[in-house]
Every structure is written in C-alpha cells, then in structure tokens.
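Colleague: I'm new to reading models like this one. Could you take me through a few features, step by step?

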Amino acid sequence: MYSTDLRTDKEKKSADQQALDDAQLWDAFQTRIDNGDVIEAKDEMPERYRATLIRQISQHAHSEIVGQLPEGNWVTRAPTLKRKLILLAKIQDEAGHGLYLYSAAETLGRSRDDMVADLLSGKAKYSTIFNYPTPTWADIGTIGWLVDGAAVTNQIPLCRCSYGPYARAMVRVCKEESFHQRQGYEIVTTLAQGSTEQKALAQDSLNRFWWPSLMMFGPSDSASTHSSQNMKWKIKRHSNDELRQRFIDATVPQAEFLGLTIPDPDLKWNEETGHCDYSQPDWNEFHDVISGNGPCNRERLETRKKAWDDGQWVRDAMMAHAEKKAAAKQAAQ
C-alpha cells in the first residue's frame with residue numbers, strides 16, 4: 001500500500017494488525033498534508049498517492065511534448081522571420097517543460113522509457129486539446145491565448161502542490177507559459193485589428209478552439225473521478241469547475257476588447273454570482289477524443305512514434321559512449 005515500507009517484520013503480522021498499521025500510517029500522512037507539509041521523493045507515502053502523481057505528472061509531460069506538434073506545423077509558414085523565431089523559441093520551451101516533468105515523475109520510481117512507452121502504445125493520455133488541427137496562422141495565436149491561458153489557470157495552483165518536485169518544476173513552467181499566453185494574445189490582437197479577412201481568421205479560430213479549451217479543465221466536478229481525492233491530498237487546490245469558471249471570467253473581457261464573439265449564445269454576466277454564466281461543452285466529444293477518436297489522435301501518435309524510432313541511433317550512440325567512458329574509468333582505477 002505504501003511506496004516505502006519501513007517495517008521489517010511485515011510478513012509476521014496478522015492481516016488485522018497489518019490493516020491497522022496501514023490505517024495509522026495513512027492517517028499520519030494525511031495529517032502531514034493537512035498541516036501543509038511538503039512531501040519529498042524519499043518520504044513514505046501511500047501507493048495511491050504515488051500512482052496518482054505518476055499518472056498526472058507523466059500525462060502533463062506527454063502533453064508538453066505532443067503540444068509541440070500543432071505549432072511545429074507552422075514553423076516554416078510563419079508570416080515573418082520574427083514570428084518564426086518566436087514560435088521556435090516557444091516550441092523549445094515546451095520541450096523543456098516535458099523534460100522537467102519527466103524528471104519530476106522519475107523521482108517517484110517510474111522510468112522515462114516506461115512513461116514514453118505508455119504514450120506511444122496509447123495507454124497513457126495527454127491533453128485532448130492537442131488532437132485538434134491548426135489549419136490557419138490564427139490558430140497559433142489562439143493556442144497561445146486560449147490553450148496556454150487555460151494551462152496557466154490550471155497550473156499556477158500546482159506551484160503549491162503537496163509533492164515538492166512537481167511544485168518546484170511548475171514554478172518555471174508557469175513563468176514561461178504566462179509569456180506564451182501573452183505572445184498568443186498579441187498575435188490575435190494583430191489579426192483582430194487588421195483587415196476584414198484577418199479578423200475573420202481570428203474569429204474562426206476562436207470558434208473552433210473555444211470549446212476544446214474549456215474541456216482542458218476536465219469533466220465537471222460531478223463526473224470527475226479523481227478531483228476530490230486530489231484536492232484532499234493537495235495535489236490540486238481547486239476543482240475542475242472552479243478553474244474553468246476562473247478562465248472564462250478572465251477571457252470574456254479579453255475577447256470583448258478584441259471585438260471577437262465567443263461562440264456561446266448562453267454566455268452572459270451574472271450580477272448575483274459575480275461570474276459569467278456559460279453553456280457546458282459537448283462532453284460526448286470530450287470522451288470521444290480521450291478514447292482516441294479525435295481529428296488528429298492517430299496523426300499525433302504516429303508522429304511521436306516516428307520521432308522515437310528515428311532517434312534510436314542517437315540513444316544507442318549515447319549509451320555506447322557512456323559505457324565506453326565507464327569502462328575507461330574503471331580500467332584507470
């Protein structure tokens with residue numbers, strides 16, 4: 001039940017005594033969480049806590065890596081050299097985020113190779129938003145504005161996650177994602193204030209990415225499998241619906257400033273609640289994309305598999321070099 005077992009006579013205990021000990025250790029762990037303690041990699045923790053973190057952090061890492069693909073589609077077609085350089089820098093940031101997060105997950109005892117294998121086999125998930133196509137340059141702006149904006153809303157509370165390695169990784173990730181959000185909003189602003197055709201591109205992109213962006217926060221609280229337990233463990237600090245509401249309230253004024261229309265006929269400000277009322281996304285579509293049937297699911301995995309296979313010679317060369325150095329060092333001793 002626990003990832004670190006300090007009891008040497010476990011096999012000698014009765015089932016009842018073992019259950020009692022497990023319950024006491026679980027209670028002690030929850031007390032640490034309630035007291036605001038930071039859990040570190042070598043600390044004793046419930047196996048469910050460890051498994052939950054591996055699932056969440058690895059999925060987060062996969063999302064950063066797969067998230068490069070919709071944007072990489074536009075590197076050679078960005079409208080100016082400046083836009084190309086900015087986009088390349090952003091894609092490089094996303095790759096770095098993936099590496100930070102894989103490293104954080106590895107502190108929990110799961111190898112990076114195993115996590116990548118789960119991704120390539122389809123066993124592991126990543127954010128559904130990256131299974132949508134980016135047919136126009138406006139989509140690169142919208143991804144920064146909406147997708148990275150939703151990511152920042154989701155991820156800033158993770159800087160206070162109860163698991164130390166994850167929380168510390170998120171500090172830099174959030175700083176860079178905040179910059180990405182502003183960069184995307186600047187692209188959309190340029191288009192919205194441009195020609196009639198340019199503003200139409202920005203509106204079309206908003207129409208296509210609005211609902212998938214809302215889905216990034218996960219299912220509604222009533223349908224969420226992990227949310228309540230994750231909040232109890234302080235892996236999460238806010239529920240899916242709370243974060244979604246926060247994102248909508250912040251984004252609506254931005255769209256209004258741009259003169260763009262959010263594609264939700266039920267969207268309106270509620271004076272009583274102090275929040276925007278909004279329609280629910282199509283959760284059937286959400287579950288369909290999670291199941292691998294989104295517009296670009298197969299394309300994304302095929303691209304990642306090809307990149308993994310094409311890079312095999314690099315990994316082999318690095319391993320051979322490491323083994324050669326280790327042998328030379330041992331021979332010199």
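Modeller: Let's start with a side chain meeting the backbone: a polar atom of the side chain of Ser-63 lies 2.8 Å from the backbone oxygen of Gln-59. That is a polar contact, meaning N or O atoms within 3.5 Å, where one must be able to donate a hydrogen and the other to accept it, and residues adjacent in sequence count only if both atoms are side-chain atoms. Keep in mind that this is a predicted model, where local features need pLDDT of at least 70 and side-chain atom pairs pLDDT 80 or more, while totals for chains, interfaces and linings use all residues. Residues are numbered from 1 along each chain as its sequence is written, and side-chain values use heavy atoms, with hydrogens and water left out.

Colleague: Where does Ser-63 lie? And is Ser-63 buried or exposed?

Modeller: Look in helix 2, residues 47–66; helices here are DSSP runs of H or I with at least four residues, numbered from the N terminus. Ser-63 counts as buried because its relative accessible area is 10%. The scale runs like this: buried is under 20%, exposed is over 50%, and partly exposed is in between, using a 1.4 Å probe and protein chains only.

Colleague: Which residues does Ser-63 touch, not counting residues up to four places away in sequence?

Modeller: With contact meaning heavy atoms within 4.5 Å, Ser-63 touches Tyr-126, Ser-127 and Phe-130.

Colleague: What about Thr-189: which backbone oxygen lies 2.7 Å from a polar atom of its side chain?

Modeller: That of Tyr-185. Thr-189 sits in helix 7, residues 164–192, and counts as buried because its relative accessibility is 15%. Thr-189 and Gly-259 are 70 residues apart in sequence, yet 9.5 Å apart in space, C-alpha to C-alpha.

Colleague: How many residues does the largest nonpolar core have?

Modeller: In soluble globular proteins, nonpolar side chains tend to be buried together. A core here is a set of buried Ala, Val, Leu, Ile, Met, Phe, Trp, Tyr and Cys residues joined through side-chain atoms within 4.5 Å. The largest one has 76 residues, and Tyr-49, Ile-57, Trp-145, Tyr-163 and Tyr-166 have the most contacts inside it. Helix 7 gives the largest share of this core, ten residues.

Colleague: Which residue has a positive phi although it is not a glycine?

Modeller: Lys-234, at about 60 degrees. Lys-234 lies in the loop between helix 9 (227–232) and helix 10 (240–258), and counts as partly exposed because its relative accessibility is 21%.

Technical notes: Helix = DSSP H or I, 4+ residues; strand = E, 2+ residues; numbered from the N terminus.
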